[in-house]
Amino acid sequence: MKESGGSRKQGTPSPCAACKLLRRRCAQDCVFAPYFPADEPHKFANVHKVFGASNVNKMLQDLPVDQRGDAVSSMVYEANARVRDPVYGCVGAISSLQQQIDMLQSQLAQARAEVVHLRVWQNATLSNHGPSPTSPSNSGSPSSRLMASHGKSIFDMDMMVDQPNLGDSVW
């Protein structure tokens, strides 16, 4: 019968993942058992590799019981990040995500600038020529009218975007 969640039956204790990896008997009051169940051995293996079993044991015993779950989650996250990126760990992941955010904000600013440019162009065109109900360029979206009149995609247009102030602008 398979047990889950790190719980152990009375009489036939199944060692937790930590005790199994450390090859020791798992005591009834094992500090690792509630957080490193036997069916998740990789979880403790990475934590042990990065922090060491003795350090994890000390950290868990120094914390109140209600904070231990969060501490284990943090250690597991950092250990997994350190296994993937030994130098930067989760800071490398955060940095990568921040770069993606910066790039997407830049793209969003360019798209917004293009929308403003197209609205100005549309207003100038309508005020100069006025809408003509029989005009073929009067049907469809402003961008399709722009493409029809210029013969190229609106995304090929040169645009100037004020790069240093991208994060400061509010739309």
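Arg68 touches Val31, Tyr35, Leu60, Gln61 and Leu63, with residues up to four places away in sequence left out of the list; contact here means heavy atoms within 4.5 Å. Arg68 belongs to helix H4 (residues 65–84), where helices are DSSP runs (H or I, at least four residues) numbered from the N terminus. The residue is buried and yet has no salt bridge, the nearest side chain of opposite charge being Asp62, 7.9 Å away. Buried denotes under 20% relative accessible area, exposed over 50%, and partly exposed the range in between (1.4 Å probe, protein chains only). For charge, Lys and Arg count as positive and Asp and Glu as negative, while His and the chain ends are not counted. A salt bridge is a side-chain nitrogen of Lys or Arg within 4 Å of a carboxyl oxygen of Asp or Glu.

This is a predicted model, in which local features need pLDDT of at least 70 and side-chain atom pairs count only at pLDDT 80 or more, whereas totals for chains, interfaces and linings use all residues. Residues are numbered from 1 along each chain as its sequence is written, and side-chain values use heavy atoms, with hydrogens and water left out.

The whole structure contains two salt bridges. An α-helix has 3.6 residues a turn, so residues three or four places apart point the same way. Glu78 is buried at 16% relative accessibility, whereas Arg82 is partly exposed at 27%. In the other salt bridge, Lys43 pairs with Glu40, their closest N and O atoms being 3.7 Å apart; Glu40 is partly exposed, at 28% relative accessibility.

Beyond H4, the loop between H4 and H5 holds Val87, which is exposed with a relative accessible area of 60%. Helix H5 (residues 90–129) has 40 residues and reaches 58 Å from its first C-alpha to its last, close to the 58 Å expected at 1.5 Å a residue; the expected span is 1.5 Å times one less than the number of residues. Among the residues of H5, Cys90, Gly92, Ser106, Ala109, Glu114 and Leu118 are buried.

Arg23 lies in the loop between helix H1 (17–22) and helix H2 (41–51). Its phi is near 55°, a positive value in a residue other than glycine. Most residues other than glycine have a negative phi. Arg23 is exposed, at 78% relative accessibility.

Methods. Helix = DSSP H or I, 4+ residues; strand = E, 2+ residues; numbered from the N terminus.
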